[in-house]
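Subject: Structure for you to look at

Dear colleague,

I am passing on a structure that I would like you to look through when you have a moment. My notes come after it.

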Amino acid sequence: MSGTGRTRSDDPGDEARPTGLRADLVPQLGDLRLAGPVAFAWVGAALLVGVPGAAWWCVGGAALTGVTAVALLGRERATPAVSAVLALALTTACCTLVGIAVAVGEPARSPAELGAAAGRTVEVEVTLTRDIATTARSTTGTLRTLGDTTELRVPVRVVPDTPLRAAAGTVLTGRAAVEADDPGGPEAAVVFLRGVPASKPPTGVLAVTDSVRQAFVRITDELPEPGGALLRGLAIGDRSGLDPDTETAMETSALTHLTAVSGSNCAVIVAVVVLVGRAVGLGRAVRAAVAITLLVGFVVLVRPDPSILRATVMAVVVLVVHLSGRPVRGVPLIALAVIGMLVVDPWFARSFAFGLSVLATSGIVVLGPPLTALLTRWCWTPVAAAIAVPVSAQVACWPLTIPLAAALPTYAVPANLLAEPFAPVVTVVGLLACLLAPVWPAGASVAAAVAWLPASAIGAIAHGAAALPAASVPWPAGLVGVGAAVLVSGALIGAVLGPAAARMRFVVAAATVAVIGAGTVVVPLVVVRVGIPADWAIAMCDVGQGDAVLLRSAASTALVDTGDDRERLRACLDLLGVGRLDLLVLTHFDRDHVGAVDEVAGDVDVALTGPVGRPADESVVRGLTGAGADVRRADDGTAGTLGDVPWRVLWPRAGERASGNDASIVVAVEAPDTCGSCLSAVLLGDLDRSAQRRLRGVAPGHVDVVKVSHHGSADQDPELYRQLAARVGLIGVGADNTYGHPTDRALAMLAAVGTTPFRTDLQGTVVVRRGPAGPEVWTERASPGQASSGPAPSGRAPGGQAPSGRAPGGSAVARRLGPAPSEGTHARQEARARCREDRPGPVVRHPSSARRPRDRAGDVPRRAGDGHAPRSAGRRRPRARGPRPRSRPVRTRALGDARQPVPLR
């Protein structure tokens, strides 16, 4: 850097520093004078929104500190002391601003009427702030009326009771239950609509943009996928049509920022306007005015989110400052955009979308130029710049992605190098097609077809990168994983910005931490996979607060329920080596039993469902049918075989129309004498005590395994469990759930009848096989107080503690499925689901992980008893169905006509 007195700089950025506007964006040490205080204020805002009651106290403390700093400033004469006092004053000023914003904004976000309405169904009026598609589970809105209280402005998450299509600006009126969300979340409450609300369509600009968007959707809807969906995402931010396979591939290859509009699209719009304006001779002021106008219109068209708002604020500031003739500096520009957005809405401080957008831009601005200069020693300058941009963004963003998906992207840089050049073409030509669609559909179709080609190329690159070996390497989760990622990224930043003599030491340190971090996950995973019994017959997947039970015989596999966590379900299937499912049984349509159905919809041959009670239940059936499954209604007249194992449905009774817990499908599995590896079992769904009593007359006696009803609730019939006399009891339950599952009463009942409980919250995935002395149990991890010895037959241990039988090598430190989430209220579950999705920018997820910010069906939990429906398969196409080796075909039959078996496909 200049001014250091060096005759030869070790800073690679000094070797070839460009001039003009681009030179102004190259970071200098003085730029941190604003970045540091803003970063401190950002952290303060993230803390204050969680405890808004302390905001005024913090404001007072910050103001007092600032006054003291100003007073000291008049007495100091030494330059270092003056700089330190100025930095302190600036920091206190920023903290005071965000503190006042929190203190003023909290009463409007959380009025007293909101707490009074908790647990009641009241009349509400909500204005939507984002579009919602019929396949989506939720959207965002502003609560205007709550009961008799009007003129509210509460940001809420809106969860419709039935499939709903509405545009931003639509006013919904109807009955709803309202639950407060966790403090600090982007929305203050969750509104669960009851029935079909009355709706008033948007007016003005929002009505115009909605008509433009719908015209563009009609034009592109006939284009082959995934190019059509990617085109809609990059042009207008419509992510509803992207199929899960492509979505997963985009995540694995770190291309999720190309599935929808992000800050880079705003930069493309401004760049095109400036270049065209300069070419036609427009003055600087006219170019700036046109660019700002088009940028604002673009934001309204695509619907704003934190990433787009941040980029828009930065673009406007750049244009205004450049118009004034003053130099534009990158780091101060980002800092101004951040503090401005935090003052307007301090709840952005906890937004992953906002954080990733800021970090990605900061990485490109701070690391991009010096990294480019370093790489020019080995390659052509344009190539060096193309490599430096994705590397800089990935290094800056990666630690923040660990809470969303603990994974290390392997092919992120080459995938971005190949795909990024296509994005501006898709954005510009796609936007042109969108604007033409309402007035000239034929011309819009031609433009859309042109834009479809590069969009399809992006999809092909994503699928190709995701198909490569080790496309995503597991990484430690939680604070340990975040800390390790910070060390790796920090070392890489030191290698770029530090002195040349220490560069190799930084690289070695980063590589060492990366190898150790990945090894702590990969090695136990390999050990666990080796230790899983090869002849397992029944497995209870750890999917949090939900059920997912696998049955296996010969080469045939059945899944009973899916749970509500797609990532955990897929991880369990991968752990146990399950690909195709010969049979899927959905016991009932509560979300904790069917929420992840779309994860396996394309892998199912035959699906059995219980009574359908709501339109949302119908969407599950339609999704399975659309994915290629043969969906059938099951009752106590349904039976069949799975490999060598006969099974039959005990409940519900034929002709019953009721739905819900008491209509859960109950499956009984027999263990023929001729099958030495088979286990008998009864899976009770969520039946309550009264239904369990009625089941006694048809239930078998003395089975090996029972799936305990309703996650171990207190509503159980001890006589049924005594009749079953199972040696192993499986309980699917989430850690720290607020329902109290499993209850002490249920555990005491199991102990009284001689059934050993195995819980997924304590022991992770549970696998059962038949041993010489009966069922043997392998668990993913040991519960507190358990030994970690080899396999042992299940039975009662002293004190009622279930033993953890493991096959040799079954490590208790396995973390393939990740830590079990805390299961609080359904509003808290929804907040976690949104966090998993809130990820713009060049980031990466594990192939089975969560998604970009979007109102996607199947990712917003509902209240208990709401008849939860998972998202439909949407545009998902059935996967190619290869041959399925099996010793015997699976078949079902009606008990009343046992001589006519119905073979499954």
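Predicted model: local features only at pLDDT ≥ 70, side-chain atom pairs only at ≥ 80, totals over all residues.

Residues are numbered from 1 along each chain as its sequence is written, and side-chain values use heavy atoms, with hydrogens and water left out.

Helices (H or I, at least four residues) and strands (E, at least two) are DSSP runs, numbered from the N terminus. Five strands form a closed barrel in the order β1-β2-β3-β5-β4, with mixed pairing, where two strands pair if DSSP finds at least two bridges between them. The twist from one strand to the next averages 55°, with axes being lines fitted to C-alpha atoms, for helices over the stretch in contact, and angles running from 0 to 180 degrees between N-to-C directions.

With β5 (residues 189-200), β3 pairs in the parallel sense over four bridges; valine 156 has alanine 189 of β5 as its bridge partner, and valine 158 has valine 191. Strand β3 is mostly covered, as five of its six residues are buried, meaning under 20% relative accessible area with a 1.4 Å probe and protein chains only.

Helix α7 (residues 204-220) has 17 residues, which at 1.5 Å a residue should span 24 Å, and its end C-alpha atoms are 25 Å apart, which agrees; the expected span is 1.5 Å times one less than the number of residues. Among its buried residues are Asp210, Arg213 and Phe216, and the buried residues of α7 pack against α8 (227-236), α11 (284-302), α17 (422-436) and α18 (441-466), contact meaning heavy atoms within 4.5 Å.

Finally, helices α15 (residues 381-401) and α16 (residues 412-419) pack at an angle of about 130°, with their axes 9 Å apart. They are therefore oblique to each other, a class that takes in the angles left when those under 35 degrees count as roughly parallel, over 145 as roughly antiparallel and 65 to 115 as roughly perpendicular. Ala386, Ile387, Pro390, Val391 and Gln394 in α15 meet Ala412, Val413, Asn416 and Leu417 in α16.

With best wishes

Terms used: Buried < 20%, exposed > 50% of the residue type's maximum accessible area, 1.4 Å probe, protein only.
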